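Subject: Structure handover

Hello,

Here is the structure I promised you. Please open it first, then read my notes below.

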Amino acid sequence: MMARELTLLIPEIAVLLTAVGALIAEMLRRPRVALGVATLGLLIATGLTIPMIGTDTTVFGGTVRIDSLSIWAKLILLPATVLSLLLARNDIGGTVREGTVYSLMCLATFGALVLAAAGDTMFLVLGTLLASLATFALVAYRATDPATEAAMKFFVFASVAGAVMIFGLSYWFGATGSTLLSDLARVEAMPLAGVLGLVAVLVGLGYKASLVPFHFWAPDAYEGAPLSVAAYLSVVPKVGALFALTQVVRDLPVDSGWPAVIAGLAVLSMTYGYLAALVQDNVIRLLAYSSIAQSGYFLLGIVAVGSSELALPSIILFAGAYAAMNLGAFAVTAVTGRTLNDFTGLGRARPMLGIAMVIFLLSLVGIPPLAGFVGKFLLFAAAIDVQLTWLAVVAIINSVLSLGVYLRIIVPMYRGGEAASVAVGKWPGVVVLTAFAATFIIGLAAQFFLMTPML
Amino acid sequence: MLPLVSLTLFLPLAGALLIVCLPQPTARTVHGIGIGTAALTLVGALTMWLEGLNGAGFSQVEELEWMPAIGAAYRVGVDGISLPLVLLSAVMFLVALIYASSLRERPRAYVALVLLLETTAIGTFTALDGILFYVFFEVSLVSMYFMIAGWGHEDRQRAALMFFLYTLLGSLPLLLAILGLYLGSPEPSFDMRAWIADPPLAGAAAMWALIAMLITFAVKIPAVPLHTWLPAAHVQAPTVGSVILAAIMLKFGTYGLVRFALQMTPDAFREAGTVVLVFGVVSAIYGAFAALAQSDLKRLVAYTSINHMGYVIVGVAVAALTLDPSVRAIALDGAVLQMFSHGLVTGALFLLVGMIQERAHSREMGELGGLLKTVPVLGWLFMLAAFASLGLPALAHFPAEFQIFLATLRTVPAAVVVVLGIAIIAGTFLKAIRETFLGETKQQWHGMPDLSGRELLAVVPLLVLTVATGVAPAWVLDVIHRTTVALAL
C-alpha cells in the first residue's frame with residue numbers, strides 16, 4: 001500500500017532530494033555543483049513524471065491527487081524552474097551563498113507542486129506556506145534596501161493572506177466535518193459557511209496567483225528581487241496556486257455561485273493589470289502587471305471547470321504557453337536592462353534577440369499561431385461554452401489593450417539608430433532559445449496537451 | 001499525387017526561412033531567392049488553376065489532423081471563389097518582388113516579410129478550417145505592420161500603429177464568431193465546409209455572429225465609416241506594401257464577407273441585407289467623392305479602392321437579398337470578378353504611382369504636370385490603368401461592375417444610385433491624368449528617365465491580364481460561375 005503511494009510520488013520526492021542536495025553542495029561552498037545538482041535533479045524529476053501521463057488517482061486517502069492537473073503541473077513547472085535556475089546563475093552567479101538560491105527555488109517549486117496536487121484543504125495551506133517561505137528569502141537575497149522592503153511587504157501580505165485562508169477554511173471544516181476537497185459538496189447545507197470558506201480560499205490562493213485585489217505585493221517584490229527570482233515568481237508559484245484553485249472549484253457545487261465571483265475577479269485582474277501596465281516605464285514592473293492580467297485569463301478556464309470539457313485542457317495548455325513566453329520575455333530583459341529605454345534599437349543591434357522578444361510579446365497578446373493564441377483561444381471557448389460570452393468579450397477587449405502594453409516595448413525596438421550592442425550571456429541565451437522553441441511548439445502541437453485524458 | 005495546394009501555400013514560407021538562415025547573403029542573392037520562390041509559387045498556382053474544380057464545392061482538398069480533440073485540422077482547398085484570388089496573389093507577389101528587386105535597405109528582412117505575407121495570403125484564401133483561417137488572417141496583419149513600420153515613409157510609425165490597432169481590434173470579433181460557430185455545431189468542429197453545408201447558428205445567435213463578422217470584415221474591406229486607417233496606411237507604406245495591401249489584403253475582407261458572413265449565416269445576412277447594402281452604397285459613393293478631393297496621387301488611388309470595394313459589398317448584399325438563384329449567381333460573379341480585377345488594376349496603379357514618386361520624390365499632383373512628354377511609357381501605362389479603374393469597357397472592371405449593377409437593378413432598383421460612383425471616379429482620374437501628365441512639362445522634370453526593364457516587367461503583366469480579363473472575362477468567370485451558380489443559401 002505504502003509502496004504504491006510512494007511510487008506515485010517519486011517526482012515530488014526527487015524534487016525534495018534535489019533541494020537537499022543543492023543545499024549540501026552550497027554548504028560545501030560548491031555553488032556550481034549546487035546548480036548542476038538542482039538542474040539535473042529537476043530534469044530527472046520531469047523525466048520520472050512522463051510515464052505517469054494519463055494516471056488519474058489519489059494517494060494518502062484522497063489528500064493528494066495524481067491527475068492531469070498535478071502531472072502537467074510537474075511537466076510545466078519543473079522545466080520552468082530549470083530555466084529560472086539558469087537565469088539565476090547569470091543574475092547572482094559569484095555572489096556569496098549563491099547555492100541557497102538554487103536550493104530555495106527547488107523548495108518553492110515543491111510547494112507549488114503540492115498546491116497543484118492538493119486534494120485536501122490542509123495541503124492548500126501547506127503548499128502555500130512552503131512556496132511562500134522559500135520565496136521571501138529569494139526576494140530578500142540581494143539585501144539592499146529595495147530588496148528588504150520588497151521582501152517585508154511580501155512577507156506581511158503573505159502572512160495576513162495565509163491567516164485569513166486558514167481561518168476561513170475552518171468554516172468549511174466545520175460545515176463538512178472533513179478537510180477533504182472531495183467532501184465539499186456537503187457544504188451546500190450551510191451556504192454561509194460555504195461563502196466564507198470560498199472567500200478565504202480566494203484570498204489565500206489569489207495572493208499567490210497575484211489576482212486583483214490581492215496583487216499589491218507583486219510589482220514591488222518583482223522589482224526588488226533579482227530578475228531571475230521575479231521571472232520565477234511570475235510563473236511557478238502562480239501556476240501552482242491557479243491549479244490549486246482549479247482543484248478546489250472542481251468539487252464546489254456550481255450553484256453555490258462561485259463562477260460569478262471568479263468571473264468578477266477575472267475582469268478585475270485583466271483590466272486593472274493591463275491598465276496599470278500601460279503607464280510603467282520599468283520593464284520589470286510592466287511585466288509584473290502583465291502577469292497579473294495574465295492570471296485573469298486563467299480564470300476564464302477556471303470559471304468553466306466542471307461544466308465544460310474545454311476547461312481543464314485550456315488551463316493546462318495556457319499554463320505551458322504562459323510559462324514559456326513569460327520566462328522568455330524575462331530572459332530577454334535580463335540581457336537588455338530594466339527600463340524601456342534599454343530596448344531602443346534592440347531590433348537593429350541584435351536582430352535575433354529582437355525577433356525572439358517580439359515573438360514572446362505577441363504570444364502574450366495572443367497572436368496566432370503562437371502558444372499564447374491557442375491557450376487563450378481555448379480559454380475563450382471554455383468561457384463561451386458555459387454561457388459567459390460577455391466574459392470572453394471583456395477578455396478580448398483586454399487583449400487589444402494588452403497590445404498597447406506590449407507595443408510599448410516592441411515599437412522602440414525598431415526605432416532609433418545606435419543601440420549599444422549588448423552581449424548575450426550563455427545562460428540567458430539558452431533560456432531565450434528554449435522558450436522561443438516552446439512558444440512555437442506549444443502553439444503548433446497543442447494536440448499533445450489535448451490528447452491526455454482529462455478529468 | 002502531390003499536395004499541390006500545400007506546396008503552393010508553404011513555398012514562400014520556405015523561401016523566407018532560407019533567406020533568414022543564409023549567413024550574410026548579398027542583396028542580389030536575397031532578391032534572386034525571393035523572385036525565384038515567388039515564380040515557383042506562381043507555377044504552383046497555375047497548376048492549381050489548370051487542375052481546376054470538380055463540381056461546385058471545394059476541390060483539391062488536403063487534410064491533416066492537427067487538434068482532433070477539438071475538431072480542428074489542417075484543411076485547405078479551393079472553390080470558384082477562392083481559386084481566382086489564389087492566382088491573383090501568386091501574380092501580385094511575383095511582380096511586387098520584381099519591382100522591389102532594386103531595394104538595398106535591409107533587403108533580407110524585407111523579402112522575407114513579403115514572402116511570409118504571400119504564405120498568409122494564399123493561406124487565408126485556401127484555409128477550410130476556422131482556426132487555420134484566423135491564424136493566416138492575423139499573421140498577415142503582423143507582417144504588414146512590420147513592413148509599414150520598417151520601410152514606410154515619413155510618418156510610418158504612427159500609420160503602422162494605427163493600422164495594427166484598427167485591424168486587430170477589428171479581427172477579434174471574428175474570433176468570437178468562429179467560437180460561436182464552433183460551439184453551435186452539432187458535432188464540435190472547425191471544419192468550414194460543415195459550417196457552410198449546414199449553418200450551425202440560427203436566430204439571435206446567428207445575428208450576433210453576423211454582426212461580429214461584419215465588424216471584422218468592414219474594417220478590413222474597408223467600408224465607411226471604418227475606413228480611416230486605409231489612407232494613412234497606404235500613404236506611409238512602401239510601394240510594395242501598398243500594392244499588397246490594396247491588391248490582396250483588402251480582399252481578405254470581401255472574401256470573408258462571402259465565405260463567412262454570406263455562407264455561414266445566410267438567414268441572418270438576408271435579414272440584415274438591406275443594412276449591408278446601404279453601407280456598400282455609402283462606401284462606394286463616399287470613396288469616389290473623397291478620391292475626387294485628393295491632391296496626393298497615392299491617397300487618390302487609396303480612396304478609389306474604397307469605392308471599388310463598395311461595389312463588392314453591394315454585390316454580396318444583393319446576392320443575399322435576391323430570391324432568384326440566377327440573379328444571385330450574377331451578383332456573386334460580379335463581386336468575385338471585381339475582387340480579381342481590383343487586385344490587378346489597383347496593384348498596377350500603386351506600382352505606377354510608386355515609380356512616379358521614386359523619380360519626382362513627390363506625389364502631389366500640383367507639383368507634377370506634363371510628365372507624358374518626359375516619361376511617355378509610364379504615362380500611357382498609367383492612363384491605361386486609370387481607364388481600367390474607372391470602368392471602361394474592354395478593361396477588367398467593366399464586366400465585374402456591369403454584372404453587379406445588373407443584379408442590383410433586378411433586386412433593389414433604388415440601390416442603382418451607386419452607379420453615380422462611376423461618373424465621379426471617371427472625373428477623378430481624368431483630373432489626375434490632366435494634372436500629372438498633360439500640359440506643359442515643368443523645368444525640373446526634364447530628363448526624368450522612363451521605365452526601366454525591371455519596372456516594365458513588374459507592371460506590364462498586370463495590364464496584360466487587365467485587358468485579357470476585360471476583353472474575354474470568360475476565362476475567370478467560368479471558374480467563378482461553377483461555384484456561384486450552385487450556391488444554395
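Met67(B) has Ala72(B), in strand β2 of chain B, as its bridge partner. Strands here are DSSP runs (E, at least two residues), helices are DSSP runs too (H or I, at least four), and both are numbered from the N terminus. β1 (residues 59-67) and β2 of chain B run antiparallel, joined by six bridges. Two strands count as paired if DSSP finds at least two bridges between them. β1(B) and β2(B) make a hairpin, with four residues between them. In the turn, Gly71(B) has a positive phi of about 75°. β2(B) spans residues 72-78, and five of its seven residues are buried. Buried means that 20 or more other C-beta atoms lie within 10 Å of the residue's own; exposed means 12 or fewer, partly exposed is in between, and the C-beta atoms are placed from the backbone.

A word on the model. It is predicted: local features need pLDDT of at least 70, side-chain atom pairs count only at pLDDT 80 or more, and totals for chains, interfaces and linings use all residues. Residues are numbered from 1 along each chain as its sequence is written, while chains are lettered from A and ligands numbered from 1 in the order in which they are written.

Stay with chain B for one more residue. Ala400(B) sits in helix α16 (residues 397-411) of chain B. Is Ala400(B) buried or exposed? Ala400(B) is buried, because 29 other C-beta atoms lie within 10 Å. Leaving aside neighbours within four places in sequence, Ala400(B) contacts Gly334(B), Leu337(B), Gln338(B) and Ser341(B). Contact means that the C-beta atoms of two residues, placed from the backbone, lie within 7 Å. Arg434(B) is 34 residues from Ala400(B) along the chain, and their C-alpha atoms are 27 Å apart.

Next, where chain A meets chain B. Chain A gives 22 residues to the contact and chain B gives 24. On the chain A side, α16 (371-385), α17 (389-413) and α19 (446-451) of chain A each give two or more residues. α17(A) gives the most, with eight. That side divides into 18 nonpolar, two polar and two charged residues. Nonpolar covers Ala, Val, Leu, Ile, Met, Phe, Trp, Tyr, Cys and Pro; charged covers Asp, Glu, Lys and Arg; the others, Gly among them, are polar.

Now chain A itself. Its domain assignment gives domain 1 (1-252) and domain 2 (257-455). Such bounds come from an automatic or database assignment. The C-alpha centres of the two domains of chain A lie 21 Å apart. In their contact, 40 residues of domain 1 meet 43 of domain 2. On the domain 1 side, α10(A) has the largest share, with twelve residues. This side divides into 26 nonpolar, eight polar and six charged residues.

Which residues touch the most other members of the largest nonpolar core? They are Val303(A), Ala383(A) and Leu352(B), out of 395 residues. A nonpolar core is a set of buried Ala, Val, Leu, Ile, Met, Phe, Trp, Tyr and Cys residues joined through C-beta atoms within 7 Å. Domains 1 and 2 of chain A both give residues to this core, so the core lies between them. Leaving aside neighbours within four places in sequence, the contacts of Ala383(A) include Leu300(A), Val303(A) and Ala304(A).

Best wishes
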